Amino acid sequence: MEYTELSAYDLPAGTVTSWTPRADAGRWQQDPRALSPGHEAHLRDSAPGSWIGSVLRVPGPYEPEPLRRAIHAWVSRHEVLRTTVTRDAGAGWRRVTAPAEAVAIRDLVVGDLSADQVTALLPSLLADVSPTAWPHCVLATVVPAPGTPGGPAGDDGFVLAFGADHSVMDAYSQLLWFEEIVSLYDAARRGVPDAELRTLEVGSHVDFSADDRKLAMTLAADGEPVHRWLDFLGPGTTFPRYGAVTHPAADAAEAARPQASRSAWLATVDQTDDLSARSRARGASAQSGVLAAFAHAARRVHGLDRLRFVLPMHTRYAPQHAAAVGWYVGLCPVDLDLTGTDPLLREVDGRGGPARIVDGDALTTAVDRVHTAVAAGKPLVRYSFARIAELGGITDGPHLAVSYVDTRFVPGAERWSAWDARTLRSPAYGTDELYLWFLRTHDGLNVSTRYPDTPEAHAAMDALIEELRAGFRAFGTATPVGAVA
């Protein structure tokens with residue numbers, strides 16, 4: 001599993017078809033449930049052409065009608081995919097929602113295209129979503145011509161992808177989609193009735209949004225959550241940066257420059273499990289171990305004793321939202337200071353020359369500091385940052401974000417490699433953001449990054465990733481997978 005842009009995915013030549021939810025204008029119903037502050041901020045600040053999604057190679061023959069029924073069942077199950085907003089003069093945004101029976105899935109055959117044409121076209125099809133116009137999610141298929149390589153079993157398979165606006169989708173929703181859509185397609189091909197396909201006991205993100213707003217409106221400008229964020233940001237109320245890698249754009253041309261995107265395998269399963277076990281033995285989690293490794297790598301190659309960053313964390317606190325599609329993400333401010341600690345790795349003499357081994361005491365100290373720093377910020381995750389920013393006069397956004405997700409227990413994860421499954425993000429622009437997503441998978445530990453497309457940033461990321469790989473080589477015993485070597 002990797003998290004990349006679609007341009008990094010190997011798309012075959014074949015017949016491209018778009019699949020778009022549609023609903024009659026007269027079937028939309030006024031919905032009194034309020035928008036979350038984060039949703040309203042997204043409506044105000046989102047960049048055109050921004051989307052997230054997923055892609056996989058579906059095993060089995062391509063059958064349009066069962067696929068239509070599967071997509072319809074998916075949209076029916078998750079209310080957030082059937083809701084949108086309208087502009088009410090003088091009253092801001094209001095929600096409207098369509099019942100499942102009012103939605104139809106329209107397919108449009110684009111044509112038979114070469115692999116280069118598919119690679120050029122598909123991102124534009126998936127980017128045809130916005131926060132203000134429904135549908136907020138579109139899908140596309142690529143069916144290879146008979147005898148064309150590209151399916152998971154030769155001719156027996158096809159590519160299926162979706163793109164969605166962030167207002168209805170988070171990273172966990174992207175991961176859940178793989179198993180759900182393949183299972184729905186298989187069931188539809190077996191003739192399972194539509195009513196049964198649509199059945200899923202799952203909560204609605206629309207309800208979650210209304211509750212999120214109620215909680216947000218209990219915040220006060222002089223309350224602790226606002227003060228805690230202001231203390232983290234400092235006197236200028238600006239988010240911290242990663243050394244000189246991120247910087248404000250000098251002009252419009254720099255602001256419009258596409259960011260670089262990279263995916264790299266850092267560690268094998270054995271190495272990741274070793275770090276995880278050592279972290280758990282100290283009462284912390286694998287997340288703390290990975291963040292400790294990241295912090296030590298940043299200190300070794302860039303001289304950064306103190307790292308201050310935003311850690312996105314899920315807000316799926318209620319069981320009914322565990323399998324729901326929606327945007328369930330809060331922000332955790334992390335202030336991690338390694339000043340005075342020993343290096344994580346020690347140089348020793350080995351049979352083949354100098355080698356680096358893990359210093360157990362240094363690891364314990366680092367993991368403890370990470371665990372403490374995350375625990376200090378975690379209580380703020382449940383409170384809407386958009387509302388906190390409004391109350392605290394914060395106009396800046398994160399410049400350094402670090403995410404950790406353990407994907408191994410997501411339904412269907414053991415089949416992702418066979419499906420060539422991948423989560424997607426749209427291109428980003430500018431020079432003032434560095435994002436790192438650490439993914440623990442059945443294949444090991446991967447990091448996906450996006451960063452300014454500058455020589456300085458490329459050099460910094462090269463050095464950081466190589467140091468991370470070197471650090472993980474001191475854990476476990478297995479040889480890294482090909483992409484790590």
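Student: Why does Arg 346 count as partly exposed?

Tutor: Arg 346 has a relative accessibility of 40%. Buried means under 20% relative accessible area, exposed means over 50%, and partly exposed lies in between, with a 1.4 Å probe and protein chains only. The value for Arg 346 is 40%, so this residue counts as partly exposed. This is a predicted model, in which local features need pLDDT of at least 70 and side-chain atom pairs count only at pLDDT 80 or more, while totals for chains, interfaces and linings use all residues. Residues are numbered from 1 along each chain as its sequence is written, and side-chain values use heavy atoms, with hydrogens and water left out.

Student: What makes the contact of Asp 359 with Arg 346 a salt bridge?

Tutor: A salt bridge is a side-chain nitrogen of Lys or Arg within 4 Å of a carboxyl oxygen of Asp or Glu. For the side chains of Asp 359 and Arg 346, the N to O distance is 3.3 Å, and they meet in a salt bridge. The pair links distant parts of the chain, 13 residues apart: Arg 346 belongs to strand 13 (residues 345–350), and Asp 359 to the loop between strand 14 (353–358) and helix 11. Helices (H or I, at least four residues) and strands (E, at least two) are DSSP runs, numbered from the N terminus.

Student: Why is Asp 359 called buried?

Tutor: Its relative accessibility is 11%, and therefore Asp 359 counts as buried.

Student: How many salt bridges does a search of the whole structure find?

Tutor: The search finds 31 salt bridges. Among them is the one between Glu 40 and Arg 213, at 3.4 Å from N to O. Glu 40 is part of helix 1 (residues 37–45) and Arg 213 part of helix 6 (residues 205–216), so this pair ties together parts that lie 173 residues apart in sequence. Glu 40 is partly exposed at 30% relative accessibility, and Arg 213 is partly exposed with a relative accessible area of 22%. Arg 68 also forms a salt bridge with Glu 65, with the closest N and O atoms 3.1 Å apart. These two residues lie in helix 2 (residues 64–77), three residues apart, which is about one turn of the helix. A network of salt bridges links Asp 31, Arg 33, Glu 79 and Asp 207.

Student: How do you know that the length of helix 9 agrees with its number of residues?

Tutor: The expected span of a helix is 1.5 Å times one less than its number of residues. Helix 9 (residues 269–281) has 13 residues and should therefore span 18 Å; its end C-alpha atoms are 18 Å apart, which agrees.

Student: Why are the buried residues of helix 9 said to line one face of the helix?

Tutor: The buried residues are Gln 271, Thr 272, Leu 275, Ser 276 and Ser 279. Viewed down the axis of helix 9, they fall within an arc of 135 degrees, so they line one face. The arc is that of the directions from the helix axis to the C-beta atoms. Arg 280 and Ala 281, on the other side of helix 9, are exposed.

Student: What do the buried residues of helix 9 pack against?

Tutor: They pack against several elements, including strand 10 (260–267), helix 10 (286–302) and helix 14 (455–472). Contact means heavy atoms within 4.5 Å.

Student: Which residues have the most contacts inside the largest nonpolar core?

Tutor: They are Tyr 242 and Phe 438, in a core of 54 residues. Helix 10 supplies the largest share of this core, nine residues. A nonpolar core is a set of buried Ala, Val, Leu, Ile, Met, Phe, Trp, Tyr and Cys residues joined through side-chain atoms within 4.5 Å. A second, separate core of 49 residues includes Ile 52, Leu 160, Leu 175 and Leu 197.

Student: What makes strand 5 and strand 6 a pair?

Tutor: Two strands pair if DSSP finds at least two bridges between them. Strand 5 (residues 83–88) and strand 6 (residues 92–97) pair over six bridges, in the antiparallel sense. They form a hairpin with three residues between them, and Gly 90 in the turn has a positive phi of about 85 degrees.
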